Amino acid sequence: PFWRPDSRFVGYVERDAGETRKIDVGGGPARTICAARVEGAPTWGRDGTILFSQYVDGIFRVPGEGGSPVRVTTVDKARREMNHYWPNFLPDGTRFTFLVTALDANGLRVAPSVYVASLASTGVALLGQLHSKMVYAAPGYLLFAEQGALLARRFDAATLAVSGEPVTFAEALP
């Protein structure tokens, strides 16, 4: 499940039907947002935009009211990328973090990398090599998991700069 930022709707992926749906927390039937083979949990921006990844295809956007998905990122086969996934909005509501997995020239997996992209442009910025979803937490942290621990690291959302050493919140996560 994933929440609309105002907490009025809960979204979910109905994998068997190949649809993303939402339910009003006040009750009522589920409504289809879009038909798409979604990989992982989508993220819902405060302007109503939903981002989700499609396996080996990239990240797409769709209005929370429903519609046809539109490509936001493309898996770059020339760079041997395999997937883009775990999009998560940053506070400005237009930029988001996402993870890229890729292979080296010998067909072996390289360390996954976390990038920042924007709905307003096509460029991306590398945040670092890490195999984790990154979630922004006020007043300026990125939360992530590494080697079974939940960590936070200082993050300036304006400059996209990470700083300081990660702080451990919990260890021995399943």
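Reply: Start with Phe60 in strand 7, which is the bridge partner of Phe52. Strands here are DSSP runs of E with at least two residues, helices are H or I runs of at least four, and the numbering goes from the N terminus. Before going on, a quick note on the ground rules: this is a predicted model, so local features need pLDDT of at least 70 and side-chain atom pairs count only at pLDDT 80 or more, while totals for chains, interfaces and linings use all residues. Residues are numbered from 1 along each chain as its sequence is written, and side-chain values use heavy atoms, with hydrogens and water left out.

Back to the sheet. Strand 6 and strand 7 run antiparallel to one another, paired over 6 bridges (two strands pair if DSSP finds at least two bridges between them). They belong to an open sheet of 4 strands, ordered 5-6-7-8 with antiparallel pairing. Strand 5 (38-44) and strand 8 are the edges, each pairing on one side only. As background, strands of a sheet pair through backbone hydrogen bonds, either parallel or antiparallel.

Side chains also link bits of this region. Arg71 and Asp57 meet in a salt bridge, 3.0 Å from N to O (the cut-off is a side-chain nitrogen of Lys or Arg within 4 Å of a carboxyl oxygen of Asp or Glu). Because Arg71 sits in strand 8 and Asp57 in the loop between strand 6 (49-54) and strand 7, the pair ties together parts 14 residues apart in sequence. Arg71 is partly exposed at 39% relative accessibility, and Asp57 is partly exposed too, at 28% (buried is under 20% relative accessible area, exposed over 50%, partly exposed in between, with a 1.4 Å probe and protein chains only).

The whole structure has 6 salt bridges. Another of them joins Glu65 to Lys22, with the closest N and O atoms 3.5 Å apart. That pair links distant parts of the chain, 43 residues apart: Glu65 is in the loop between strand 7 (58-63) and strand 8 (70-71), and Lys22 is in strand 3 (residues 19-24). Glu65 is exposed at 61%, whereas Lys22 is buried at 2%. There's also Glu19 with Arg21, at 2.9 Å from N to O; Glu19 is buried, at 18%.

Now the cores. A nonpolar core is a set of buried Ala, Val, Leu, Ile, Met, Phe, Trp, Tyr and Cys residues joined through side-chain atoms within 4.5 Å. The largest one has 14 residues, and Val114, Leu127, Met134, Leu142 and Phe155 touch the most other members. Strand 11 (113-118), strand 14 (141-146) and strand 15 (149-156) each supply at least two of its residues, with strand 15 giving the largest share, 3 residues.

Leaving out residues up to four places away in sequence, the contacts of Leu127 include Val114, Met134, Leu142 and Phe155 (contact means heavy atoms within 4.5 Å).
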